[in-house]
Amino acid sequence: MNTDTVFGKILRREIPAAIVFEDERALAFRDINPQAPVHILVIPKRAIAQLEQVAPEDEALLGHLLYVAVQVARQEGLDSGYRLVVNNGVQGGQTVYHLHVHLLGGRMLAWPPG
């Protein structure tokens, strides 16, 4: 598995990030190009390139990423709502091939998104 992504470098502390949450399985940090007043990325510490590549043994980790996103949303005071997004592949808009959940909030979000 390729861990030489920008997120792998953040996990190894080779490049800085504004970390808002960390435990043994996940890391959450502020996006450097925010698309909303609150834009945080939640990533697994184990490198999975994209959602399309998850295996049955990843089920608990996927649930944990969503649980972390909810906890971070509460921590950020997103009481009025927020959006969670996972981009998968080129046509899904994925640009970093390390699975990640976008937590977006702090303003009214339009639908459809793009």
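Modeller: A word on terms: buried means under 20% relative accessible area, exposed over 50%, and partly exposed in between (1.4 Å probe, protein chains only). This is a predicted model, in which local features need pLDDT of at least 70 and side-chain atom pairs count only at pLDDT 80 or more, while totals for chains, interfaces and linings use all residues. Residues are numbered from 1 along each chain as its sequence is written, and side-chain values use heavy atoms, with hydrogens and water left out.

Colleague: How many salt bridges are found in the whole structure?
Modeller: The search finds eight, a salt bridge being a side-chain nitrogen of Lys or Arg within 4 Å of a carboxyl oxygen of Asp or Glu. One of them joins Asp-4 and Lys-9, at 4.0 Å from N to O.

Colleague: Is Asp-4 buried or exposed?
Modeller: Asp-4 is exposed, because its relative accessibility is 52%. Lys-9 is partly exposed, with a relative accessible area of 30%.

Colleague: Which side chain meets Glu-76 in a salt bridge?
Modeller: That of Arg-30, at 2.9 Å from N to O. Glu-76 lies in the loop between α2 and β4 and Arg-30 in strand β2, so the pair ties together parts 46 residues apart in sequence. Helices (H or I, at least four residues) and strands (E, at least two) are DSSP runs, numbered from the N terminus.

Colleague: And what does Asp-58 touch?
Modeller: Not counting residues up to four places away in sequence, Asp-58 touches Arg-46, Ile-48 and Gln-53; contact means heavy atoms within 4.5 Å. With Arg-46 the side chain of Asp-58 also forms a salt bridge, at 1.9 Å from N to O. Asp-58 counts as buried because its relative accessibility is 4%, whereas Arg-46 is partly exposed, with a relative accessible area of 43%.

Colleague: Changing topic, where does UniProt place the feature "active site"?
Modeller: The unreviewed UniProt entry places that feature at His-100. Such annotations may be inferred rather than shown by experiment, feature names are shortened, and positions follow the numbering used here. His-100 lies in the loop between β4 (82–85) and β5 (101–105).

Colleague: Why does His-100 count as buried?
Modeller: Because its relative accessible area is 6%. Leaving aside neighbours within four places in sequence, the contacts of His-100 include Phe-7, Leu-41 and Val-85.

Colleague: Are Phe-7 and Phe-29 buried or exposed?
Modeller: Both Phe-7 and Phe-29 are buried.
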